[in-house]
Amino acid sequence: MKIAVLGTGSVGRALAGRFAELGHEVAVGTRDPAATLARGDYAAWAAERPGIALAAFADAAAGAEVVVNASSGAHSLAVLASVGEANLAGKVLLDVANEMTPSDGLPLVGANETASLGERIQRAFPSARVVKTLNTMNFEVMANPALVAGGDHTVFVSGEDAEAKRVATALLEQLGHTDVLDLGGIESARGAETALAFWLRVRMALGHNRFNFKIAR
């Protein structure tokens with residue numbers, strides 16, 4: 001598939017690199033391609049992956065079948081606005097972002113209990129087919145679930161469009177996720193997003209990021 005990954009941080013690079021390894025045609029979207037290429041971390045990563053294109057947000061998404069929102073949650077709506085609804089219309093939009101408070105880096109739990117980022121994205125871009133997923137784990141585990149318990153852990157999907165969730169599930173399974181749990185409509189993203197507060201406490205207790213939740217059933 002043609003996949004646009006919006007965001008050049010750790011999450012975006014991890015997912016873009018893995019999707020490219022799986023044979024997808026991947027473009028990474030950024031606000032300023034020249035400035036991004038001038039960054040040492042991105043330039044070194046891109047040099048090892050010449051098949052992954054870098055383009056402005058709108059250009060990356062224009063030709064894509066699937067768009068992945070891997071931008072910082074606090075800026076996701078602005079990033080998607082720069083993409084434009086025409087470039088998102090009818091497309092599966094995987095929202096993997098978490099919205100954090102800039103001052104302390106803690107999740108905006110109160111806001112997410114009443115209007116999750118996933119819901120606000122769907123309302124702002126009604127013609128996109130938003131699926132919230134992957135936000136309950138570290139970026140390394142997102143892209144390589146076998147790092148934790150051989151992959152025996154749970155990833156969640158939330159969204160209104162059944163076919164979009166099927167596409168998302170197929171991509172998750174390609175990444176190596178074996179337990180995909182459909183939580184329901186996009187309002188169920190509230191649960192997945194507020195889980196971040198608990199995830200952070202578990203990280204503090206363990207002292208590392210390589211873990212994930214498993215729903216035993």
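Reply: Start with a term. An axis here is a line fitted to C-alpha atoms, for helices over the stretch in contact, and angles run from 0 to 180 degrees between N-to-C directions. Bear in mind that this is a predicted model.

Take helix 5 (residues 76-83) and helix 7 (residues 117-124). Their axes come within 11 Å. They cross at roughly 25°. Angles under 35 degrees count as roughly parallel, and helix 5 and helix 7 are therefore roughly parallel to each other. Their crossing is right-handed. Which residues make the contact? Helix 5 supplies Ser76, Leu77 and Leu80. Helix 7 brings Leu117, Arg120, Ile121 and Ala124. By type, the residues of this contact are five nonpolar, one polar and one charged.

Now turn to another pair, helix 1 (residues 10-21) and helix 3 (residues 40-47). Here the packing angle is about 5°, and the axes lie 12 Å apart. That angle makes helix 1 roughly parallel to helix 3. On the helix 1 side, the contact uses Arg13, Ala16 and Gly17. On the helix 3 side, Asp41, Tyr42 and Trp45 take part. These residues split into three nonpolar, one polar and two charged.

Asn212 sits in the segment after helix 10 (189-206). Asn212 counts as buried, because its relative accessibility is 13%. Its side chain joins that of His153 in a polar contact of 3.0 Å. The Asn212 side chain also reaches the backbone oxygen of Thr154 at 2.9 Å. Other residues that Asn212 touches include Thr136, Met137 and Val148.

Conventions:
Residues numbered from 1 in each chain as written. Predicted model: local features only at pLDDT ≥ 70, side-chain atom pairs only at ≥ 80, totals over all residues. Heavy atoms only, no water. Helix = DSSP H or I, 4+ residues; strand = E, 2+ residues; numbered from the N terminus. Parallel < 35°, antiparallel > 145°, perpendicular 65-115°, else oblique. Contact = heavy atoms within 4.5 Å. Nonpolar A, V, L, I, M, F, W, Y, C, P; charged D, E, K, R; others polar. Left-handed = near helix turned anticlockwise from the far one by under 90°. Buried < 20%, exposed > 50% of the residue type's maximum accessible area, 1.4 Å probe, protein only. Polar contact = N/O pair within 3.5 Å; in protein donor to acceptor, adjacent residues only side chain to side chain. Lists of a residue's contacts leave out its neighbours within four places in sequence.
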